Amino acid sequence: MVHAKKLRSPIFFHSATALFLSLAFYGWILSAGAVADAPVRPEKPTAPLHERRELPRPPMPGLDYARDELIVVRRDRIEKVKVAADELWSRSFELRRQRDVEAVELNFFAETQGFSPNDPYYPYQWNFELIDLLKAWDSATGEGVVVAVVDSGVTQVGDLAKTNFVPGYDFVDNDGDPHDANGHGTHVAGTIAQSTNNSYGTAGAAFESTLMPVRVLDRSGRGSYYNIYRGILWAVDHGADVINLSLGGAQPSSLLERAVEYAYDRGVPVVAASGNNGSTGSNGVIYPAAYDQFAIAVGAVRYDKKRVNYSNGGNALDFVAPGGDMGVDQNGDGYGDGILQETINGFYFYQGTSMATAHVSGLVALLKEIGGSLSPDEVEQRLMDASEDLGSSGWDRQYGHGLVNAGVLITGEGSTPDPTPTFTPSPTEGPSPTTVPTQTPTPTLTPTPTSVPTATPTSGQATPTLTPSPTPSDDLPDWLKSICARYPFLRRCR
Ligand SMILES: [Ca+2]
Ligand SMILES: [Ca+2]
Ligand SMILES: [Ca+2]
């Protein structure tokens with residue numbers, strides 16, 4: 001199993017070297033108008049890991065039942081019988097042989113019949129449940145809202161085939177084909193708008209929104225501030241309604257600040273990653289997320305809603321969203337708790353503030369569908385009103401205003417917004433160009449892909465149903481077939 005610690009691969013600098021490099025790079029970037037491809041950070045990107053694991057068959061919808069109970073229908077009464085979980089089958093067989101028993105059934109659970117997608121890997125998307133997306137989908141799916149993914153490009157993999165796109169641009173190769181040579185941008189795009197309810201793969205947060213792929217990061221997941229600047233401006237000028245920036249660098253830059261200000265001034269919310277090197281000092285948030293006035297900075301929590309140790313905090317942090325923690329399996333599905341989407345080479349769990357950022361961009365798309373022309377400040381206020389306060393009471397450096405919640409954001413129901421006044425970071429604590437990074441400058445603009453479930457998703461059920469549709473194997477004896485028709489998940493029936 002992979003540990004989050006290892007994934008971060010921090011590279012620490014001797015402070016004198018760091019000072020030299022930061023000054024050198026800052027000066028260079030400012031004057032580097034023509035040098036488009038200067039790397040913004042000298043350190044190596046975090047290497048992708050290649051642990052391959054096959055995803056098991058997703059559970060069938062409707063197969064939720066009490067694991068230690070049988071319902072016995074006798075001629076004159078109905079009984080609920082407690083049994084050991086591993087004896088469900090043998091006990092049901094025994095009971096059925098009793099003379100007065102007319103039927104033995106599992107004690108199934110029913111549920112409300114709101115929209116639930118049929119994507120077979122949806123059951124692995126704990127991250128969507130954590131922010132109550134299902135509740136939002138009855139009212140909003142992002143239709144008509146253009147989300148620019150300014151990233152490593154987007155490749156239209158199988159589970160983006162039914163997703164809406166507008167043309168994008170490739171600032172790395174300077175052409176109109178923003179394909180993804182890294183995998184990061186495609187994964188992020190999946191979280192925002194994976195084709196959903198298409199009986200394939202996973203779901204996306206705002207699956208009827210329209211993606212605008214803008215490629216500014218290369219094959220290794222790196223990109224120059226200059227290209228990022230151009231990408232943001234291009235997205236604004238070409239009709240983006242929301243800009244997702246699952247990227248950032250440790251160095252402040254007037255270029256990046258101007259870019260996010262440009263978007264803000266034109267009413268386009270910019271959602272940006274807080275960084276993955278675990279820094280939570282007052283200046284822990286990376287750039288451009290740290291430009292608090294213009295960008296919505298997003299950190300990461302895991303399944304238990306705790307901040308993940310890689311997630312940067314700081315005065316500029318606004319919200320947290322699910323970013324995942326591959327080092328634990330708190331939801332017990334047999335996989336480290338990453339964020340599962342399809343990327344260029346299959347369905348991967350990734351973790352990072354990049355993933356968290358994509359969730360918030362998706363939520364902004366949902367909000368903009370129903371809220372019309374909300375300004376970036378209004379969007380942020382709505383998110384704030386719909387966030388679940390975590391950590392110390394009110395705004396704090398590790399969780400910002402707390403965990404975003406799509407259900408509350410879109411339906412206005414579900415939890416009580418925290419009325420605490422918002423924190424205003426002191427301007428004197430702001431970054432300066434000569435800041436010596438005391439922590440790792442954020443590794444790359446990429447998160448850390450981890451285990452790779454092999455991607456041959458089986459077709460999902462068209463509609464969840466309360467009775468399983470059995471497919472007993474032909475090898476079974478007749479007497480067993482009839483049992484398996486009712487209880488196809490029993491060990492002897494597989
Ligand atoms: Ca899908
Ligand atoms: Ca898990
Ligand atoms: Ca708090």
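**Exercise 1. Decide how well strand E7 is covered, and say which residues lie on each of its faces.**

Step 1. Start with burial. E7 (residues 210-215) is mostly covered, with six of its six residues buried. A residue is buried if 20 or more other C-beta atoms lie within 10 Å of its own, exposed if 12 or fewer, and partly exposed in between; C-beta atoms are placed from the backbone. Strands are DSSP runs of E with at least two residues, helices are runs of H or I with at least four, and both are numbered from the N terminus.

Step 2. Recall a rule. In a regular strand the side chains alternate between the two faces of the sheet.

Step 3. Sort the residues. Thr210, Met212 and Val214 are on one side. Leu211, Pro213 and Arg215 are on the other. Both faces are covered.

A note on the model: it is predicted, so local features need pLDDT of at least 70 and side-chain atom pairs count only at pLDDT 80 or more, while totals for chains, interfaces and linings use all residues. Residues are numbered from 1 along each chain as its sequence is written, and chains are lettered from A and ligands numbered from 1 in the order in which they are written.

**Exercise 2. Describe the open sheet of three strands.**

Step 1. Write the order. It is E2-E1-E3, with antiparallel pairing.

Step 2. Find the edges. E2 (78-82) and E3 (101-108) each pair on one side only.

Step 3. Neighbouring strands are turned by 30° against each other on average, direction ignored.

Step 4. Look at one pair. E1 (residues 65-74) and E3 are joined antiparallel over six bridges. Val72 has Val104 in E3 as its bridge partner.

**Exercise 3. Describe how H6 and H9 pack.**

Step 1. Recall what to report. Two packed helices are described by the angle between their axes and the distance between the axes.

Step 2. The angle is about 40°, and the axes are 8 Å apart. Axes are lines fitted to C-alpha atoms, for helices over the stretch in contact, and angles run from 0 to 180 degrees between N-to-C directions.

Step 3. List the residues that meet. H6 brings His184, Val188, Thr191 and Ile192. H9 brings Ser354, Met355, Ala358, His359, Ser361 and Gly362. Two residues are in contact if their C-beta atoms, placed from the backbone, lie within 7 Å.

Step 4. Sort them by class. The contact has four nonpolar, six polar and no charged residues. Ala, Val, Leu, Ile, Met, Phe, Trp, Tyr, Cys and Pro count as nonpolar, Asp, Glu, Lys and Arg as charged, and the others, Gly among them, as polar.

**Exercise 4. Locate the largest nonpolar core and a second, separate one.**

Step 1. Define the term. A nonpolar core is a set of buried Ala, Val, Leu, Ile, Met, Phe, Trp, Tyr and Cys residues joined through C-beta atoms within 7 Å.

Step 2. Describe the largest. It has 108 residues, and Val147, Val149, Ile243 and Val270 have the most contacts inside it. Its largest share, nine residues, comes from H9 (residues 353-371).

Step 3. Follow one member. Ile243 touches residues including Ala148, Val150, Ile232 and Val268, not counting residues up to four places away in sequence.

Step 4. Turn to the second core. It has five residues, among them Leu70, Val72, Leu88 and Leu106.

Conventions:
Pairing = 2+ DSSP bridges.
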